[in-house]
Structures are given as C-alpha cells and as structure tokens.
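Here is a friendly walk through a set of protein chains and the places where they meet. Have the sequence and the model at hand as you read.

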4 protein chains.
Amino acid sequence: MPGEDAPEHRHTQHAFRFVLEGESVWTVVDGDPVAMRRGDFLPQAGWNWHAHHNAAKEPMAWIDGLDIPFQYVTEAQFFEPGRDEISGPEKTTPERSRSERLWGYPGLRPVSAVTQAPGSPLFAYRWADTDRALADQLALEGEGLDSTVEPGHAAVRYTDPATGGDVLPTIRAEMHRITRGAETEPVRETGSSVYAVFDGSGLVTVGGTTWSVTRGDLFVVPSWQPFSAKSQAGSTDSDSGALDLFRFSDSPVFEALRLHRVHAPGTAR
Amino acid sequence: MPGEDAPEHRHTQHAFRFVLEGESVWTVVDGDPVAMRRGDFLPQAGWNWHAHHNAAKEPMAWIDGLDIPFQYVTEAQFFEPGRDEISGPEKTTPERSRSERLWGYPGLRPVSAVTQAPGSPLFAYRWADTDRALADQLALEGEGLDSTVEPGHAAVRYTDPATGGDVLPTIRAEMHRITRGAETEPVRETGSSVYAVFDGSGLVTVGGTTWSVTRGDLFVVPSWQPFSAKSQAGSTDSDSGALDLFRFSDSPVFEALRLHRVHAPGTAR
Amino acid sequence: MPGEDAPEHRHTQHAFRFVLEGESVWTVVDGDPVAMRRGDFLPQAGWNWHAHHNAAKEPMAWIDGLDIPFQYVTEAQFFEPGRDEISGPEKTTPERSRSERLWGYPGLRPVSAVTQAPGSPLFAYRWADTDRALADQLALEGEGLDSTVEPGHAAVRYTDPATGGDVLPTIRAEMHRITRGAETEPVRETGSSVYAVFDGSGLVTVGGTTWSVTRGDLFVVPSWQPFSAKSQAGSTDSDSGALDLFRFSDSPVFEALRLHRVHAPGTAR
Amino acid sequence: MPGEDAPEHRHTQHAFRFVLEGESVWTVVDGDPVAMRRGDFLPQAGWNWHAHHNAAKEPMAWIDGLDIPFQYVTEAQFFEPGRDEISGPEKTTPERSRSERLWGYPGLRPVSAVTQAPGSPLFAYRWADTDRALADQLALEGEGLDSTVEPGHAAVRYTDPATGGDVLPTIRAEMHRITRGAETEPVRETGSSVYAVFDGSGLVTVGGTTWSVTRGDLFVVPSWQPFSAKSQAGSTDSDSGALDLFRFSDSPVFEALRLHRVHAPGTAR
C-alpha cells in the first residue's frame, strides 16, 4: 500500500519479486535502488541487504518467492537487521539500477567483477525484454525455426549472466507464453512449481483435475503431477493475445543433487 | 571489397570478426544472415557453416581472429566445403539476426535450447551495447562505485550467454576504454594478446618499448611482457573521448589447463 | 539376526551401511555380492537394485543411513520392488566384490567405465584401509608434517573415486580418530551430523552440554551447534588406542546449493 | 647410471616418469623421497620442487614424459633452480612415500587436504596395483561382465584421486593389456599418443603401416591416424602372458578445449 516500508535487513533465504500490478515501489539492494513495474522480475540472492518503500499513491501487487520451506527444514537460515534509516540518495529511484548498468547488456560482462557470489548480480529483468523475447520466439517459429518449446509455446528462463545457470541457487524462474488456441503436452517432473497467470486466460490440468484460470490467478503443480495448459485468451483479455504464465520452481535443488526426473512425450522416463 | 564473396564452408577453428570500418557485409551462420557494422563483434564457433558477402558499394575492414596456430600445432584441424550457392533468403540481411532474437536479451535464455555446443550461440555483439556498457562503468565510477578495472579504465568481456564464460573455448575477447589522460598499471600475464585501436590515440608500453598508437593501429603483447597504455585521445579524434582498445587473447587455453599466471600491482605472483 | 533377508528392491534414496559389530551378512548390489565386516563402509547410491541376507549364526549391527527426510520433504522419492528370488551365484560372497576389483585400486580408473552415475561405483571401503590411513596421518604428524586436521586429530572422507567428491550426492561420510588425551577445537557449521562411537571413549560437547560416550554410542550434532570431542580412550577399551568416531552429514546438500557456512577457530565467519 | 644426480629444481611443465627397467633411483618431490621400480608410474605436477639420485649399482631406464612442446608453443614456461644440496633424510627412501600414505588408499581422502593444486597429489602408482587391476578386469570379463574396453583388452587410466580426472592437466596416462591372440579395433582420435611396450610382443598398425614390437620398444600414434594392436606375446616373453602397452597422450588438452573427436567402431563421427 502507498507509504508502506520494509526496513533494511538481510537473510540467507534466496528470494525474488515478480510484479503483477502497479508500479513505483522501489527496493534497495546493497545500496542500489531498483524500480519495480508490472512484469518485472527482481531476484534477491541470499545475504544481500535490502529494503522496500512504496512511493506511489496506488497499491501494488507482487509475488514474493522465497526458499524458506527448504532452508527451514535444512536448518540453514540466518537473519540480520540492518540500518534503521536508509540514506536520502537511496530513496530516489533512477530509471536504471546500478546492477542493470553493470550487467544488463546481453553477453557483456564487466571485467572488474572478479568474485562470484551465489545468485544473479542483475537485480532486474524488465518486462519489455521478456515480452519481446517471447514474441521473437513465436515469430521465429512462424518462419519455420525450432525456437519454441513446442508449437505455440514460447518460454524464457531468467538466468544469472555470470554463469548462464539458474538465477538463484535454489529457485528457477521462467515466463511462458501460450498462443491463443494452443495446448501444451502433459509433462511430469520432480519438484514443485507455482504459476501466476500474468495475462490472458485458459484451462489448466494438474493430475486429473482441470479448471479455468485468468489474469491474477495463482496455482500450484506438486511434484510428479502431470501438468498441461490450454490458452483460451480472448482478444480483449490479453495484451499479448496469449496466455502468459509466470512460473517458479525448486528444480535447481533437484538438478544439483541429481534427483531430477522428467517424463514428457518423447522422453525416456 | 564490394561484391566479394566467401563461399560456404566450416572448420573446427574458432573464429571471430571485429569490424573496424564500414558496414553492409553480411555473414551467414548456419543459415542465419548477420549484419556487420563498425564496432560489432561477431564470434564464429568451430564447425558452424558460414559464408560472407559484401552487398555494399564501399570497402570494409575487419579483424579476422582464429585459433589456427593453436589448432595447427595440436593437429586438431578439420575443414569441409559447403553448398556452392546459398539460398535467396539468406542473402537478405534483417536488422536483427535469429541468434540475437533468441539469445540477445540480458539474462534471458530460451528454454528450448537444451544442448550446449562449444562457443556462444549469440552471433553478434552490437557496438551500441558495448559503447553504453563502457560509458555506464565510467559513470558509475564517477558516482563512487567500484565498477572499473582501475581508475579511468573500463572494460567488458564478450561472453557466451549460455555459460557466462569466454565467448569461444580458445579465444577471449574484450573492449577496453581508457579515459583521456588516464594510464593503466603495468600487467604481465601468460598468453598472448592482440590489440586493435578502435578509437582515440595514446601511448602503449610493451616490455621496455613505448610508442604512439592511433585509430586503426594493431599491436601485439607477447606472453609475460608487461603492458600498459596511456590515453592521449584528443577532442577531435575520438567519438568516446577516450582510447578504445579491442583486445583478444588465448587466455582461455591457459585457464582451462591451469597454466594461467598474472603479475599485477597488488597481486601475488 | 541370523537367517534374516531383505528382498530385492531399489529406491531413489541414497543410502549406506556402516558395520558396528559382527560380519557375514552380504548385500547384493546390481548382482554384485558384497561382504560386510566390522568397520566397513558400504555406500548404496540411489536406484541400484539391492538385497541383503545374513548367512551367519551370529547377529550383526550396522548403521543404515539414508536421505529419506530430505527426499520426503522435497517429494523426490521413487521405489520399485525387484525379483522375488535372487540367483544362486548371488548368494555366495567372494572375498572381494566386483566393484572393488574394478574401482578398488588407488588412483586407477577402468577405461571401460564411460558413463557417470550419481554416487560411488565402489561398493565397499574396507576397515583395514581406513584404519591404516588414519594411523599413517598420525605417524606423518609425528614426523612433523601437516597431515592431520589438528594436533592428534586424523580424519578421512569416503569419496567417489570417479570424481574425488562426496561418496553420495546428498551424504558425506568420514572417519575421525582422536588420540588419547587430545581434544578438538569447537566447530560450528550448517547441516546436521550423526556420530557413532566406533571405538574408544571420551567426552563430547554439543552446544552447552557435555557427556561421556563409549563404543557403540550414537549422538547427533544439529545445524550450527558448536561441537568438540575429547578422547579419554583407555588402554583396554580401544584397538587403536584412540577415540574413533564415524560421522555422516548432509553437508553435500549445503555445498551444492551454496548454503554452507563454517565457524571454526581461525576461520572467517 | 649408478651415482648420477639431478639437482633440485622446479618448472611449470607437467611431467611423469614411467619405469621400464631397474630400480633404486629415488626422486624427491617437495621433500618427499619416492622409490622407483619397474612398472611404477610417477607423476610430477608442474611447479613442485624435485631432484633425483640413483643409489643403485645398476643402470635404470625410464620414460620421462613432459608437456614441453605444448608449453613452448604457448609460451607458458617458467623454471627455478632449487637448493644445491638436499638434506640427509631426503636421501633415504622409505618403502612408501608420504604422498602414498596420505592419498594411496582407494576412495579415501585426507580431510586436512583443503586446497586443490593442479595435478595429482599421489606421487607413485605402483606396478603391483596396476597389474592386479588389469588382471581383475580380464577375470571379470571371463565371468561375463562388461569390464574391459573390448574383448581381451583391459585398460586402466592413472587419475588424480582428488578429482577422478586425468593425473595431470595436460597429460593422460594409461596402461593397456591385450591378451595373447586378441586384436583391438582400429580407433582414430585427435591428439597424439606415445606407446611403450612394457611387456610381451605383437603387431601394431598405425595408419596403413604394420610392424612388430617387443618389450622396450616405443612408438607414436599421430593425431587422427587409425591405431590397432594385436598381441602375439609368447609364453616366455611376458610376465602377464599378454601384450602390456603403456600409453600417454595430450587428450586432456583436447577435452578441456572441446576439440576432442573420436572415430571408433560403433561411434558416431
């Protein structure tokens, strides 16, 4: 809500924010103010100092994803409070954060960045890029190239530009776009996923159950439950003319420990 | 020169082109036409089919960097000729290549890209991005942040977005910008470097020898020779107001085989 | 107990057996009968078929360590029953298992082993080797070398000879020997450990609590609790004249996900 | 020859010795005297101090393998002379070197060894182990298991126990045993190999040329030349009753830089 604050703190939990509605909140990560707008993905690797403030007159809505359950059961959690007040300059939000100015150019890495912390050094993945990347995949598919996951189904994964791997050590995040009328093949895999319907509407099937979803809905796909989605996005309910699904999962945990298992059409079990 | 062609072929040598002057040549990599303009860096991982054509009325100049000496002495070279003629659509060069549409968004990876070939899947690193990234590092330095290699010396490394590592398995490529009046500290390291003066002018010192360089010059830093550069770029001889040095080296070979050794101020030998 | 059987099965859980007392049970791993004797460590990577049989007239005691809690909370568990009966040849236990004949030579790897499964291909780590390795570390310490963890404290880690890393993707296993009178420095780290007193006796301190332990005791060190041990092994209660502690932990999970944190004397937190 | 010395020195070149005839020379590696006997393999990672002395009354013969050509062309070579005289204790050779007492137990790693230098910390791979490992592979083949490279052809690779990878960053070393009458399938691969006939006799074919070899012979297989060997070892010319071939190659260079290419029966090119 307007005027709300979260004081500075840090914790070992890896976290992210994905903005569903509104804009004008900023988050300060290690002294770097980062603007937040609808569709932006903002990772927050563990043990970075951070604070939030809503400078807007409107409410905002975002998903806060953290690996708290995992760190809780493994007893890996640490927390420290930070400064009572953040400085004046940290309260103004430039158009582009420092992290984007250092790491936000495709394939270019600052030579000065020698050490490698866990988690992405890029603090914001802007919707304009994500939107265009998905549109490009579908356009390339239309030109006859093998650019999508399956017909009518584009997807990008948010990655750590320093490694090309997942954006956080314990969390995978992706944006999927399913064109109007397209339906994905059922896939089952180990690990749990949370989906948010960013735009459009359609039907989702998890295990034996099918239901309708529309913009703003969240749903969960438990481990090893078959999942498929069908886009029924109408001409008035979607900017992209498609069903846009934000997804996050704990797949990196399974892959790092060699517990990952996928069963999809055409895949050996 | 205008109208010149290089027929389709492929080889195990890793290669790149860095454009020094002119534009309008395209190169076709695995059926993907890629435009070339001054300041662009275009990697060419081994064993991709490729051809070139200059559709322009003007001559162009670029650096062709290949690991031929290395592959020659290790007897690892293979070569295959390709088609006699490339298709019509491959002769038109879109503003953005397919590879840029798939891989050219910062931190975003196509989920459809499952296999990992050696070398970057991104076929063009555009000058506009490189130029802004260097300018941003220097601006951040001016704001008091630790964003440059050393005072007045910004640098970006071209990387493979799928791994965050060097753009090619055997070749490192970087762009350095040294602001007017700044001078770099001498560094010596194993491995050889080739530098091209992309813009500006100044003095370079290699071993015990110092000489003047200006736009278009090339020079070499042999293994373990101390190297430093001083920018004397004038207000009329440089777009960026600085000495811009393109550099490529065989450092990835040394690092992969644990033969890398650096001696710089403040570094243990 | 004598005559007891466990029918053939397999599961994704990684497991091991560490034999505390007795001998003559064999375990059959992928058709390879493996003898079990006091002090032997027998890893059992997930998804290998295995069965057990006690051919002896005496009872045996061993620790069965599995990552069930971890795989339960992450919902990664799979199970399959195997054959009702194992074959005759599988019921005779040769002196050395097939896996030891292929992988049991120090630093030598069979060239025929091309693929790399998760978990060690070596199914038995014999007590005679472990005992001598610990004795050698202490002897080398006596010759003035830096061979032990700290004075009077030798330790070996069971590793996968194909990688040099932990013996199982989710489980670390080690044997520690603390000479009579020696006391270890307190260490705290993320992750939980289980200790079994294989031989000798002494005092252990976990958090603020100290108690006596002797051969056959088990105890637990929860995450981030300081732990130290003091050997009070007497001349009659220990083969090795020392306190021998078998330890297993979930450290590989923490290291793979970059959640590992150690606080020991002389270590930055 | 008896009484010969090599004074202490160190260099960046990775090296090894493989003993063909005789015994009683010792080599001192970082103050650790290591005995040398027929069939032993002794790696010498770059930048370790080392010296040699022949305390015997008989001459000895061994292969000295170094990566000098590679480090020469890449300009990576460094050299330092050491002490004029080594100490008395370093001139006596214990049955087992310190490195074997720390690293010579299968699958066991000293917990005290925290840092990871390039190259194996195990300074001697004894013939008794190599011989038994090869005999075991052939015995397991006789029991119907898939333990050899191909029928009648056993092989072990010398590895770094800390990584499971090649014993040296730039050099692969293996011992092959081909049973009497067996013949290997032709294989061609990038990278060059040197073979020494350790025992037995037979025919080797490299490219289009076939010739006889016997104990003590050396031969070379250049990059991408097909190679096969046929064992004609007689009952009197071989301890093992087979053709025993020691092999070393530069394969790790090719694999690290993704230049490796193999063409063998049943392998896609």
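## A buried arginine and its partner

Arg172(A) has a relative accessibility of 7%, so this residue counts as buried. Please keep in mind that the model is a predicted one. Arg172(A) forms a salt bridge with Glu255(A), with the closest N and O atoms 3.0 Å apart. The two residues come from distant parts of the chain: Arg172(A) sits in strand β11 (residues 172-179) of chain A, while Glu255(A) belongs to helix α4 (residues 251-256) of chain A, 83 residues apart. Glu255(A) is partly exposed, at 35% relative accessible area.

## Other salt bridges within a chain

Over all chains, the structure holds 76 salt bridges. One of them pairs the side chains of Arg10(A) and Glu80(A), at 3.2 Å from N to O. This pair, too, links distant parts of the chain, with Arg10(A) in strand β1 (residues 5-11) of chain A and Glu80(A) in strand β8 (residues 79-81) of chain A, 70 residues apart. Is Arg10(A) buried or exposed? Arg10(A) counts as buried, at 16% relative accessibility, and Glu80(A) is partly exposed, at 24%.

In chain B, the side chains of Arg177(B) and Asp244(B) meet in a salt bridge of 2.8 Å, N to O. Strand β11 (residues 172-179) of chain B holds Arg177(B), and strand β18 (residues 242-249) of chain B holds Asp244(B), 67 residues apart. Both Arg177(B) and Asp244(B) are buried.

## Where chain B meets chain A

Let us turn to the contacts between chains. Chain B and chain A each bring 38 residues to their contact. About 3400 Å² is buried between chain B and chain A, with 60% of it on carbon and sulfur atoms. How many salt bridges are found across the interface of chain B and chain A? There are six, and among them is the one between Asp136(A) and Arg101(B), whose closest N and O atoms are 3.5 Å apart. The interface of chain B and chain A also has 18 residue pairs in polar contact.

On the chain B side, the elements that give two or more residues are α2 (98-103), β9 (108-110), α3 (127-142) and β10 (153-158). Of these, α3(B) gives the most, with eight residues. Sorted by class, the side of chain B that touches chain A has 18 nonpolar, 10 polar and 10 charged residues.

## How the two copies are related

## Where chain B meets chain D

Chain B has another partner in chain D: 29 residues of chain B are in contact with 29 residues of chain D. The buried area between chain B and chain D is about 2400 Å², and carbon and sulfur atoms give 66% of it.

Between chain B and chain D the count is zero salt bridges, and two residue pairs are in polar contact. In chain B, α1 (68-73) and α4 (251-256) each supply at least two residues to the side that touches chain D. The most come from α4(B), with four residues. By class, this side of chain B has 15 nonpolar, nine polar and five charged residues.

Some chains do not touch. No contact joins chain B and chain C, and their closest C-alpha atoms lie 18 Å apart. Chain A and chain D likewise have no contact, with their closest C-alpha atoms 18 Å apart.

## Two places in chain C

Arg17(C) lies in strand β2 (residues 15-21) of chain C. With a relative accessible area of 2%, Arg17(C) is buried. The side chains of Arg17(C) and Gln44(C) are joined by a polar contact of 3.3 Å. Beyond its neighbours within four places in sequence, Arg17(C) is in contact with residues including Met36(C), Phe41(C), His52(C) and Trp62(C).

Gly181(C) is in the loop between β11 (172-179) and β12 (188-189) of chain C. Not counting residues up to four places away in sequence, Gly181(C) touches Lys230(C) and Ser231(C).

Conventions: Residues are numbered from 1 along each chain as its sequence is written. Chains are lettered from A and ligands numbered from 1 in the order in which they are written. This is a predicted model: local features need pLDDT of at least 70, side-chain atom pairs count only at pLDDT 80 or more; totals for chains, interfaces and linings use all residues. Side-chain values use heavy atoms; hydrogens and water are left out. Contact means heavy atoms within 4.5 Å. Buried area is the accessible area (1.4 Å probe) that two parts lose on being put together, summed over both. A salt bridge is a side-chain nitrogen of Lys or Arg within 4 Å of a carboxyl oxygen of Asp or Glu. A polar contact is a pair of N or O atoms within 3.5 Å; within protein, one must be able to donate a hydrogen and the other to accept it, and residues adjacent in sequence count only if both atoms are side-chain atoms. Ala, Val, Leu, Ile, Met, Phe, Trp, Tyr, Cys and Pro count as nonpolar, Asp, Glu, Lys and Arg as charged, and the others, Gly among them, as polar. Buried means under 20% relative accessible area, exposed over 50%, partly exposed in between (1.4 Å probe, protein chains only).
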